[in-house]
Amino acid sequence: MAGTAVRIDGNTLGLPGGVAVRFIRTLRLPETGTHPLPPGLGEFPVRRVADHLDTVPEQWRARGGVMLPVYLREAMWLDFSGSAEPAALQVGVGKVCAVSGRPWSDRLSRKPQNYVVLPRQPWLDGINSGSGTVRQFVAVPLGLGATVEGQVTGEEVWGGIQLQSFPLRAEPLAAWRRDQRTLRRRSGPAAGYGAAPPAAAPAPGAAAMGLGAGGSMRQEVYRDARPARDWTDEPAGRVFVHLVTPPQWHRITGEAPPPSPVDRAAYTRAGLPWYDYYDQAAEDLPAANDLATVKPVGNWLGDDLAPWQPPTDNQVTPLKDPPGKPVQDGKW
């Protein structure tokens with residue numbers, strides 16, 4: 001696979017076919033109950049492994065890709081709202097599919113579906129728990145068994161996040177572009193799928209980290225409405241995203257890590273918004289059997305003692321439907 005297939009522009013990863021991915025800091029949800037979508041609190045900084053070959057672990061040099069810093073038990077979501085054209089995007093957590101719960105694959109699957117469809121899916125906040133919900137992505141160190149990878153496979157080898165994109169074939173892509181031109185002529189500039197929730201300024205171990213499951217929130221993972229033949233057989237680009245603790249981030253990059261996550265009770269008390277997203281025209285995927293038994297990280301890290309204050313009804317905002325440097329790939 002070509003090493004220049006994926007590019008980084010600021011903190012945004014660009015995969016072939018117009019796919020744009022940003023990693024967004026957010027409030028960690030309680031591990032009981034089901035909640036609205038938490039807000040975005042700014043982007044995680046993202047850096048290329050190739051720019052820090054003298055200070056990254058040896059296996060990172062082999063895998064290539066990029067890295068970002070996360071605090072223990074910090075939550076994140078993946079924003080796809082900048083994607084320009086239709087694409088099928090696979091999202092792995094420790095090389096376990098976050099949509100199907102199955103092992104990482106270089107092929108698209110429909111039974112069960114092992115990808116999200118862009119730009120229909122504007123973001124993904126966690127693993128697919130079905131019935132219109134996901135369980136939040138939460139950072140934990142490898143070695144405890146708390147990651148999704150550890151619970152599904154019985155091992156913690158990879159950690160991190162894996163992304164792989166499949167564009168449309170030439171004919172369906174040309175048809176989509178024609179449809180878009182027609183829509184623009186009829187209605188003026190396209191509004192798109194809705195921007196990500198506005199960011200709020202955040203309040204002021206182990207090097208290898210993975211993602212475990214946190215609290216549940218209302219979010220659908222949409223079923224692909226296209227025929228399977230519309231997508232290419234081979235991925236056009238992929239990238240390994242390494243997760244690193246803030247102290248290791250400073251040692252590797254020389255940069256100060258982001259400030260610690262904002263207090264969620266203080267956020268809610270301030271009257272700041274939470275979100276609710278629903279697309280009536282799209283069909284939600286069922287629960288992924290392999291992800292159904294994944295337990296929240298609190299089973300390993302103890303009770304979540306951070307104060308919780310649920311948002312009031314008027315704090316939940318409904319959302320509308322919805323050049324850079326090359327990133328080097330490696331063996332993973």
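Against which strands and which helix do the buried residues of helix 4 pack? The close-up views below, taken from a predicted model, begin with this element.

**View A. The buried side of helix 4.** In helix 4, which spans residues 246-253, the buried residues are Pro-246, Gln-248, Trp-249, Ile-252 and Thr-253. They lie on the same side of the helix because they cover an arc of only 155° around its axis. These buried residues pack against strand 6 (47-48), helix 1 (58-63), strand 7 (66-69) and strand 16 (237-244). Just after helix 4, Gly-254 adopts a positive phi of about 80°.

**View B. The nonpolar cores.** The largest nonpolar core comprises 51 residues. Those with the most contacts inside this core are Leu-13, Phe-23, Met-76, Leu-89, Leu-163 and Val-241. Apart from it lies another core, of eight residues, including Tyr-115, Leu-168, Leu-173 and Trp-231.

**View C. The surroundings of Met-76.** Among the residues that Met-76 touches are Phe-23, Phe-44, Leu-68, Phe-137 and Leu-243. Asp-125 is also one of the residues in contact with Met-76.

**View D. A cluster of aromatic rings.** Ring pairs join Trp-104, Phe-240 and Trp-332 into a cluster. Trp-104 and Trp-332 form a tilted pair, 5.9 Å centre to centre, with 45° between the planes. Phe-240 and Trp-332 have ring centres 5.3 Å apart and planes at 80°, so this pair is edge-to-face. Relative accessibility is 1% for Phe-240, which counts as buried; Trp-332 is buried at 9%, and Trp-104 is buried at 16%.

**View E. Charged side chains over rings.** Arg-25 lies over the face of Phe-44, 5.8 Å from the ring centre. The charged end of Lys-95 is placed over the ring of Trp-158, 4.1 Å from its centre.

Terms used
Residues are numbered from 1 along each chain as its sequence is written. This is a predicted model: local features need pLDDT of at least 70, side-chain atom pairs count only at pLDDT 80 or more; totals for chains, interfaces and linings use all residues. Side-chain values use heavy atoms; hydrogens and water are left out. Buried means under 20% relative accessible area, exposed over 50%, partly exposed in between (1.4 Å probe, protein chains only). Helices (H or I, at least four residues) and strands (E, at least two) are DSSP runs, numbered from the N terminus. The arc is that of the directions from the helix axis to the C-beta atoms. Contact means heavy atoms within 4.5 Å. A nonpolar core is a set of buried Ala, Val, Leu, Ile, Met, Phe, Trp, Tyr and Cys residues joined through side-chain atoms within 4.5 Å. Rings of Phe, Tyr and Trp (its six-membered ring) pair if their centres lie within 6.5 Å; planes under 30 degrees apart count as stacked, over 60 as edge-to-face and the rest as tilted. A charge sits over a ring if NZ of Lys or CZ of Arg is within 6 Å of the ring centre and within 35 degrees of the ring normal. Lists of a residue's contacts leave out its neighbours within four places in sequence.
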